[in-house]
Amino acid sequence: MKKNEKDSAKRRAEAEQSTENEQKSASRSYKSVEALHRAIEGYFAKCDRDGTLYGEAGLALYLSDHSEGGRLVSVALMRKWYDGQSCAAFQPEIERAYMRIQSQIESDPRYMDKTMGTRAIFLLKQPRFGGLQDKIEAKQDISVNVNMGK
């Protein structure tokens, strides 16, 4: 095996090991989908009680504070759950949580206030909150061929 092939194989093995470690770490945060579901519902109930708006960072903090073993649940880890890159079993629950946040952004009167309108628009443009666009630009490729004389 050539040196470049060995290096490439080593990097692939390290990446696979890293992915396995992330999945083990993520699965240790919550032992089951039901435990994750309860924690997510706890976050939304707390926000509703306190009258605070839902948010991605707030959800990550709450999940960290209530994880089994006190493990950190970062926004990056939640995004991996959402994308199915880590703990695919958690994907439907985390997607549902993001949809609930999106629903509040779309419907809560606090986001309709003139000082919050820009924030709501920005959030709704994020991929996990709908990925909305202002408008779709039609691509126009025009070519002109001019022949002058013979």
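A residue is counted as buried when its relative accessible area is under 20%. In the predicted model described here, Met116 has a relative accessible area of 18% and is therefore buried. Methionine 116 is located in the loop that links helix 6 (109-112) and helix 7 (117-124). Leaving aside residues up to four places away in sequence, Met116 touches Leu53, Arg110 and Tyr111.

The protein chain as a whole contains 7 helices and 0 strands, so that the order of elements from the N terminus is α-α-α-α-α-α-α. Of its 150 residues, 29% count as buried. When contacts between residues at least 6 apart in sequence are considered, 53% of them join residues at least 24 apart.

The largest nonpolar core comprises 26 residues. Within this core, the residues with the most contacts are Tyr30, Ile40, Leu59, Leu63, Met78, Trp81 and Ile94. At least two core residues are supplied by each of helix 2, helix 3 (56-65), helix 4 (75-83) and helix 5. Helix 2 provides the largest share, with 7 residues.

Helix 3 was examined next. Its buried residues are Glu56, Leu59, Ala60, Tyr62, Leu63 and Ser64, and the elements covering them include helix 2, helix 4 and helix 5. Leu59, one of the residues with the most contacts inside the core, touches Ile40, Tyr43, Met78, Ile94, Ala97 and Ile101 when residues up to four places away in sequence are not counted.

Helix 2 (residues 33-50) and helix 5 (residues 91-107) pack at an angle of about 15°, and their axes lie 10 Å apart. Because angles under 35 degrees count as roughly parallel, helix 2 is described as roughly parallel to helix 5. The crossing of the two helices is right-handed. On the helix 2 side, the contact is formed by Val33, Leu36, His37, Ile40, Glu41, Phe44 and Asp48; helix 5 contributes Glu93, Ile94, Arg96, Ala97, Arg100 and Ile101. By residue class, this contact between helix 2 and helix 5 consists of 7 nonpolar, 1 polar and 5 charged residues. Ile40 of helix 2 and Ile94 of helix 5 take part in this contact, and both are listed among the residues with the most contacts inside the largest nonpolar core. Ile40 and Ile94 are also among the residues touched by Leu59.

How values were computed:
Residues are numbered from 1 along each chain as its sequence is written. This is a predicted model: local features need pLDDT of at least 70, side-chain atom pairs count only at pLDDT 80 or more; totals for chains, interfaces and linings use all residues. Side-chain values use heavy atoms; hydrogens and water are left out. Axes are lines fitted to C-alpha atoms, for helices over the stretch in contact, and angles run from 0 to 180 degrees between N-to-C directions. Helices (H or I, at least four residues) and strands (E, at least two) are DSSP runs, numbered from the N terminus. Angles under 35 degrees count as roughly parallel, over 145 as roughly antiparallel, 65 to 115 as roughly perpendicular and the rest as oblique. A crossing is left-handed if the near helix is turned anticlockwise from the far one by less than a right angle, and right-handed if clockwise. Contact means heavy atoms within 4.5 Å. Ala, Val, Leu, Ile, Met, Phe, Trp, Tyr, Cys and Pro count as nonpolar, Asp, Glu, Lys and Arg as charged, and the others, Gly among them, as polar. A nonpolar core is a set of buried Ala, Val, Leu, Ile, Met, Phe, Trp, Tyr and Cys residues joined through side-chain atoms within 4.5 Å. Buried means under 20% relative accessible area, exposed over 50%, partly exposed in between (1.4 Å probe, protein chains only).
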